[in-house]
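Here is a short report on a predicted model. Please read it beside the sequence and the structure.

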Amino acid sequence: MTPNNNCFGWASLPSHEPGGPDVSPYAAASRAIDLAGLPPTYIMCGALNLFLEDDLDYARRLIRAGVPTELHVFPGGFHGFDIFPLSAASTAAQAARVAALAQALA
């Protein structure tokens with residue numbers, strides 16, 4: 001994921017200026033003002049991901065709002081790293097995601 005890809009994604013959202021203030025929280029969850037009452041949240045991100053700072057900020061806001069939040073940052077991970085087979089980071093990310101889902105469904 002590059003900054004150009006990110007701009008293209010935002011520009012693809014109809015009727016909104018890319019990244020503008022009128023973007024719905026349904027399109028970008030971190031835009032929500034009040035996060036209280038949201039369900040438990042699992043956030044996984046690679047340390048090299050373009051969205052790392054956004055993910056960290058969102059996790060902090062969720063935690064401050066009292067939302068049970070689990071955050072994993074995987075060293076060396078880029079956007080989409082978890083779908084590449086046979087890397088230690090993708091294997092660890094997949095295992096953590098499955099464990100969080102199993103715990104949520106228990």
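Which elements make a right-handed β-α-β unit? They are β1, helix α2 (residues 52-64) and β2. Right-handed means that, with the strands pointing away from the viewer, the path from the first strand over the helix to the second runs clockwise. Helices (H or I, at least four residues) and strands (E, at least two) are DSSP runs, numbered from the N terminus.

## Basis of the model

This is a predicted model: local features need pLDDT of at least 70, side-chain atom pairs count only at pLDDT 80 or more, and totals for chains, interfaces and linings use all residues. Residues are numbered from 1 along each chain as its sequence is written, and side-chain values use heavy atoms, with hydrogens and water left out.

## The strand pair

β1 and β2 (residues 69-74) run parallel, joined by six bridges. Strands pair if DSSP finds at least two bridges between them. Tyr42 stands opposite Glu70 in β2.

Five of the six residues of β1 are buried, so β1 is largely enclosed by the rest of the structure. Buried means under 20% relative accessible area, exposed over 50%, and partly exposed in between (1.4 Å probe, protein chains only).

## The second largest pocket

Tyr42 and Glu70 also line the second largest pocket. Pro40, Thr41, Pro68, Arg97, Ala100, Leu101, Gln103 and Ala104 are in the lining too. β1 (41-46) and α3 (88-105) are the elements that give two or more residues to this lining. The largest share, five residues, comes from α3.

The pocket holds about 240 Å³ of space. A pocket is an open set of points on a 1 Å grid over the protein atoms alone, where a 1.4 Å probe fits, with protein on both sides within 12 Å along at least five of seven lines; lining residues have an atom within 4 Å of a point. The lining divides into six nonpolar, two polar and two charged residues.

## Aromatic pairs

How many aromatic pairs does the structure hold? There are two. Phe74 and Phe81 form a tilted pair, 5.6 Å centre to centre with 45° between the planes. Both Phe74 and Phe81 are buried. Rings pair if their centres lie within 6.5 Å; planes under 30 degrees apart count as stacked, over 60 as edge-to-face and the rest as tilted.

Phe78 and Phe84 have ring centres 5.5 Å apart and planes at 65°, so this pair is edge-to-face. Phe78 is partly exposed at 41% relative accessibility, and Phe84 is partly exposed at 44%. Phe78 is found in the loop between β2 and α3.

Conventions
Points joined across faces, edges and corners; volume = space filled by probe spheres on them. Nonpolar A, V, L, I, M, F, W, Y, C, P; charged D, E, K, R; others polar. Phe/Tyr/Trp six-rings, centres within 6.5 Å; stacked < 30°, edge-to-face > 60°.
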